[in-house]
Every structure is written in structure tokens, then in C-alpha cells.
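Here is a quick tour of a few backbone and packing details worth a look. Have the viewer open and follow along.

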Amino acid sequence: MSAFETCPYRFYLKYLHGCEEKPKFFSQYGEFVHQIHQLVFNSELPKKYAAQYYVRHFMERVTEKAPTQQVFLSYFRGGLSYFEDMPEFEGSPLGIEKEFRFEIDGFPFIGYADYLTKSDGIILYDHKARALKPRSNRKKPTLSDKELDQYFRQLYLYSIPIKELYGEYPRELVFNCYRTKCFIREPFDIEKLDAAKDWAVGSIRKIISTEDWPPSIEAFRCRNLCGIEDDCCYYDFL
């Protein structure tokens, strides 16, 4: 759904024509950091050795070129600093990279929750490389507040199978913005869940009724975030 919102033509190539996406720096970096979290949470890698593992395996796991040397250094140093002083996560583990299969209004969904814990209720954590900003708490929401709302949709949708499986909604949704060492916490709000469900169903119905698939051409995103360039007839115009 996010791919459709970002670029309908990318959605068309990937999901209707089955074109495979090539790895990019940002996707490889995120997958690598997720893997280290998984190893630590599964007690396969002691937390005190996480930074060492990160440095030792970085170049073999993150093989694609960053947009600039400055971006590369920022991401590498941010991850290293995080794993050198990895924070404590509240609660006892319930699930690590847990797969959820559920339905909303008859539409099937598959999701993967990064980390679920139990501590006076369920806490849903999501690891984010993006340096999201905490809520401004201003009367008029800022652009950063609106961006947070967009990202929180995914966690609110994951709360549906959590309720089905554990009999309760999460008490808290948390973004672990590891590069900036920031936990962004949101108490669960049933009205925001309803809004996320409405958005999801509305997006699916819009996709189903779509006949034209226009590209959304933006140089940075096309070059660094989208991996369909080999099949995209617009890529050469960048």
C-alpha cells in the first residue's frame, strides 16, 4: 500500500508483473541491523559483542553503495554507537520477528512484528533506521507529527492479530530509532486503530479500481530507495 502511494508504477511492476527489486544501501543496512537485534533477542549473540559483530560483518552484508560518503559514515557510525551501548527493552519477550496473518474486511494481510514484549501489558517495538522526531505536542500537528502518524499505521494494523492471539491490544507502540538512540512511544489509541483500518481498506479498494499506473519520478527516491530500475522505462530520464 505504501509502494502504491509512493509510486503507482513501481507497484505495477513489482506486484502485478513480478519484477524483482535489487537491493539498495538503505534496505541492506536495515536488514543487517534487524538481524543483529534478532540474534541478541534470541540469545544467540551476547549484547556485549553486538558492536563487534556489527563491525566485523558490515561490509559483507551492506554491499551496495550509499548515496554519498557522508551518508555512509552517518549510518555506519550511528549503528556502531547504538550497538556499543544497546538499550534495555522493557518486558519479557513474547515474539521476535513474529509473523502475523490476519484479515481486515475480508482482505488478507501478512505482517512481521520486530519485537513483542510483556510488561504490565503488551509492548510492540519496531526498529527504524529513519531518524523520526518525537511528537511536538503542538495544537496544530507539524509535518513530523504527520509523518509519525503514517508510520504508526503499520503498528496499529499489527495490533489486530495481537488482540486475536493474546486477547488484548498492545498497551504501547514504540519506534526504536536506533541511529539516534531514541524510543518514540505511543499509548495505544483505539480511534487511531480505526483510522488505520479505514486507510488500509480504502487503499486496497483504490488499488483494485486503478487502471492507470503513473510514475512518481523523484531523483533521490528512484536512485536510492527503489530497486526496480532495471525494469523501469522512466529511470533513464533521471
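Ser43 sits in the loop that links α3 (25-41) to α4 (50-61). In this predicted model, Ser43 has a positive phi of about 60 degrees, even though it is not a glycine. Buried or exposed, then, is Ser43? Ser43 is exposed, and its relative accessible area comes out at 67%.

Asp120 is another case: not a glycine, yet with a positive phi of about 55 degrees. You'll find Asp120 in the loop between β2 and β3. Asp120 is exposed too, with a relative accessible area of 73%.

## A buried loop residue

Now hop to the loop between α4 and α5 (69-84), where Ala66 is found. Ala66 has a relative accessible area of 9%, and since buried means under 20%, Ala66 counts as buried.

What does Ala66 touch, leaving out residues up to four places away in sequence? Its partners are Phe25, Val71 and Phe72. As for Tyr115, which is 49 residues from Ala66 along the chain, the two C-alpha atoms are 27 Å apart.

## Helix α6 on its own

Helix α6 covers residues 143-166. With 24 residues, α6 spans 34 Å from first C-alpha to last, close to the 34 Å expected at 1.5 Å a residue. Still, α6 has a kink of about 30 degrees, centred on Phe152.

## Where α6 meets α7

Helix α7 runs over residues 190-209, and its axis comes within 9 Å of the α6 axis, crossing at roughly 95 degrees. The two helices are therefore roughly perpendicular to each other.

On the α6 side, the contact is made by Asp149, Arg153, Tyr156, Leu157, Ser159 and Ile160. Facing them from α7 are Lys192, Leu193, Ala196, Lys197, Trp199 and Ala200. Sorted by class, this contact has seven nonpolar residues, four charged ones and one polar.

Key
Residues numbered from 1 in each chain as written. Predicted model: local features only at pLDDT ≥ 70, side-chain atom pairs only at ≥ 80, totals over all residues. Heavy atoms only, no water. Axes fitted to C-alpha atoms, helices over the stretch in contact; angles between N-to-C directions. Helix = DSSP H or I, 4+ residues; strand = E, 2+ residues; numbered from the N terminus. Parallel < 35°, antiparallel > 145°, perpendicular 65-115°, else oblique. Contact = heavy atoms within 4.5 Å. Nonpolar A, V, L, I, M, F, W, Y, C, P; charged D, E, K, R; others polar. Expected span 1.5 Å × (residues − 1). Bend = angle between axes of the 7 residues up to and from the residue. Buried < 20%, exposed > 50% of the residue type's maximum accessible area, 1.4 Å probe, protein only.
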